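Try each one yourself before reading the solution.

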Amino acid sequence: MGLLERARKEWFMVGIVLVIAAAKLEPAIGVKGGPLKPEITITYIAVSAIFFNSGLSLKTEELTSALMHVKLHLFVQIFTLVFFPTAIWLFLQVLSVTPINEWLLKGAEIPFLSTGDGHTFQISTDNFYFNPLLFALYYFR
């Protein structure tokens, strides 16, 4: 296998090496506020393109098969968005009647509101995940 044939086969790796070399030679292009505007292009466009491209690579049969696991999807969503937040909320309520320092409880509220992963149906802003159910449980008690 010749070098040109190998480069055509490994086009993605060649592209990565070229982009890294270009970034080493001229780093100002990719800096925040620079001509590429990475705060927009990376955050929104590149991430969307990666997920879209991953979705295109799924076979229709695999996607349909995965969508048929409704019970599993419901279990994961209910566990993540209802059970776990409620269990943590109840645990914090029990701890609040103990002589524990109140600032330790306040520090536990942040992970309590985030549930740690920011999955579906949660609003994400700057690495802080807001879960509406947790907000309702905590602030409308």
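Read along the sequence, this chain runs α-α-α-α-α-α-β-β-α. The model is predicted: local features need pLDDT of at least 70 and side-chain atom pairs count only at pLDDT 80 or more, while totals for chains, interfaces and linings use all residues. Residues are numbered from 1 along each chain as its sequence is written, and side-chain values use heavy atoms, with hydrogens and water left out.

**Exercise 1. Count the helices and strands, then find how much of the chain is buried.**

Step 1: there are seven helices and two strands. Helices (H or I, at least four residues) and strands (E, at least two) are DSSP runs, numbered from the N terminus.

Step 2: of the 141 residues, 13% are buried. Buried means under 20% relative accessible area, exposed over 50%, and partly exposed in between (1.4 Å probe, protein chains only).

Step 3: the chain's accessible surface is about 11,500 Å², and 73% of that belongs to carbon and sulfur atoms. These areas come from the Shrake-Rupley method with a 1.4 Å probe; for residues, only the protein chains shown count as cover.

**Exercise 2. Check the span of H2 and how well it is covered.**

Step 1: H2 has 15 residues and reaches 21 Å from its first C-alpha to its last.

Step 2: that is close to the expected 21 Å, the expected span being 1.5 Å times one less than the number of residues.

Step 3: H2 is hardly covered, with a buried count of zero.

**Exercise 3. Which backbone feature sets Lys 37 apart, and where does Lys 37 sit?**

Step 1: Lys 37 is in the loop between helix H2 (11–25) and helix H3 (38–56).

Step 2: its phi is near 50°, a positive value in a residue other than glycine. Most residues other than glycine have a negative phi.

Step 3: Lys 37 counts as partly exposed because its relative accessibility is 38%.

**Exercise 4. Compare Phe 79 and Thr 80: is each buried or partly exposed?**

Step 1: Phe 79 is at 38% relative accessibility, so it counts as partly exposed. Thr 80 has a relative accessible area of 14%, so it is buried.

Step 2: a polar atom of the Thr 80 side chain lies 2.8 Å from the backbone oxygen of Val 76.

Methods:
Polar contact = N/O pair within 3.5 Å; in protein donor to acceptor, adjacent residues only side chain to side chain.
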